Amino acid sequence: MALQILKKRATKSSTSLAAVGAPSGPNVDDGVYVSCNRPKVFSLTFDDGPSDYSWDLAKDLNAQGVRATYFINGKNWVNVETDSVNTSDGTKTYMEVIKHYVDMGHELASHTYEHVELAGLKDADIKYQMNKQSDIIFKATGLKPAVMRPPAGSYDSNDLKILRQLGYSVVTWDIDTKDWQTHDLKGEESAYESMKGDKSTTLGHIALEHEVYAQTVQDFVPWAVNYVESLGYTFVTVADCLGVNAYQ
């Protein structure tokens with residue numbers, strides 16, 4: 001009987017979330033947010049973590065006054081419930097890494113539990129991927145994310161319906177460094193340099209990077225922070241950039 005009660009409580013915790021409506025506006029394309037809702041703001045975002053580099057990346061960005069958004073998985077490059085990592089502050093569990101993101105002033109968002117592409121998935125599988133990941137983040141931080149990015153940017157209309165029912169604002173990007181594919185600094189820089197053509201009315205940007213690659217973290221990110229600031233942009237989290245709730 002006690003086990004049944006616990007199961008009911010766990011199910012309620014994962015599913016009793018406030019639904020959100022379909023977004024609209026000039027920063028929305030195909031039913032998802034692709035850029036910010038105002039000019040001169042910039043969201044630096046990272047997918048697929050956490051990883052070996054996450055602890056110190058979060059720490060370094062904090063030291064520079066940069067707030068980033070991390071779209072994280074629970075079981076992708078690492079299993080956050082069982083694995084640990086060596087950091088500049090000693091050995092940490094990945095659950096501690098997840099809390100560290102928040103402690104450093106960054107925003108946490110969902111990228112599904114196992115980095116599963118959602119297009120064509122059954123409703124129950126979508127809910128599992130989202131609820132499992134939400135519960136992990138809640139266990140680590142006491143927060144349930146209200147923003148998500150579909151792995152590979154892959155989704156269909158049914159995915160959007162289910163995700164909104166679960167309380168998520170769905171976000172992709174408008175600057176893609178393709179760092180996962182090329183690991184080429186010049187190519188990554190070129191993606192950002194498209195901002196040179198921005199006007200005073202151009203909406204702010206959401207840029208896609210991956211925190212799991214040494215080249216991205218060690219070479220590109222330092223350049224990107226300096227470049228964005230040189231153009232007079234202000235770093236903001238994705239929820240701030242969109243004007244939506246970060247957490248449920």
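A polar contact is a pair of N or O atoms within 3.5 Å; within protein, one atom must be able to donate a hydrogen and the other to accept it, and residues adjacent in sequence count only if both atoms are side-chain atoms. Such a contact, of 3.5 Å, joins the side chains of Glu81 and Lys132. The structure is a predicted model, in which local features need pLDDT of at least 70 and side-chain atom pairs count only at pLDDT 80 or more, while totals for chains, interfaces and linings use all residues. Residues are numbered from 1 along each chain as its sequence is written, and side-chain values use heavy atoms, with hydrogens and water left out.

Helices (H or I, at least four residues) and strands (E, at least two) are DSSP runs, numbered from the N terminus. Glu81 lies in the loop between E4 and E5. With a relative accessible area of 38%, Glu81 is partly exposed; buried means under 20% relative accessible area, exposed over 50%, and partly exposed in between (1.4 Å probe, protein chains only). Contact means heavy atoms within 4.5 Å. Not counting residues up to four places away in sequence, Glu81 touches Met95, Tyr113, Lys132 and Ile136. The C-alpha atoms of Glu81 and Met95 are separated by 6.5 Å, although the two residues are 14 residues apart along the chain.

Helix H4 comprises residues 123-141. The expected span of a helix is 1.5 Å times one less than its number of residues. For the 19 residues of H4 this gives 27 Å, and the end C-alpha atoms are 27 Å apart, which agrees. The buried residues of H4 include Ile126, Met130, Gln133, Ile137 and Ala140. An α-helix has 3.6 residues a turn, so residues three or four places apart point the same way. H4 is followed by Gly142, whose phi is positive, near 80°.

Helix H5 (residues 157-165) buries Asp159, Leu160, Ile162, Leu163 and Arg164. The cover over these buried residues includes strand E2 (32-33), H4, strand E8 (147-148) and strand E9 (169-170). The N-terminal end of H5 is capped by Asp156, which has a side-chain oxygen 3.1 Å from the backbone nitrogen of Asn158. Just after H5, Gly167 takes a positive phi of about 95°. Gly167 is buried, with a relative accessible area of 3%. Beyond its neighbours within four places in sequence, Gly167 is in contact with Ala18, Ala19, Val20, Ala146 and Gln248.

The nonpolar interior comes next. A nonpolar core is a set of buried Ala, Val, Leu, Ile, Met, Phe, Trp, Tyr and Cys residues joined through side-chain atoms within 4.5 Å. The largest such core has 39 residues, and those with the most contacts inside it are Phe42, Leu44, Leu61, Tyr70, Ile98 and Tyr192. Among the elements that each supply at least two residues of this core are strand E3 (41-47), helix H2 (54-63), H4 and helix H7 (185-193). The largest share, 7 residues, comes from H8. Leaving aside neighbours within four places in sequence, the contacts of Leu44 include Leu61, Tyr192, Ala207 and Phe235. A second, separate core of 16 residues includes Val28, Cys36, Cys241 and Ala246.

Asn27 is found in the loop between helix H1 (2-15) and strand E1 (28-29). Asn27 is buried, with a relative accessible area of 5%. The side chain of Asn27 reaches the backbone oxygen of Ser35 at 3.1 Å.

The structure also holds 11 aromatic pairs. Rings of Phe, Tyr and Trp (its six-membered ring) pair if their centres lie within 6.5 Å; planes under 30 degrees apart count as stacked, over 60 as edge-to-face and the rest as tilted. Trp77 and Tyr213 form an edge-to-face pair, 5.5 Å centre to centre with 90° between the planes. This pair links distant parts of the chain, its members being 136 residues apart. Trp77 is partly exposed at 47% relative accessibility, whereas Tyr213 is buried at 17%. The rings of Tyr192 and Phe220 have centres 5.0 Å apart and planes at 85°, so this pair is edge-to-face. Tyr192 in helix H7 and Phe220 in helix H8 are 28 residues apart, and both are buried. Phe42, Tyr192, Phe220, Trp223, Tyr227, Tyr233 and Phe235 form one aromatic cluster.

A charge sits over a ring if NZ of Lys or CZ of Arg is within 6 Å of the ring centre and within 35 degrees of the ring normal. The charged end of Lys40 sits over the ring of Tyr233, 4.3 Å from its centre.
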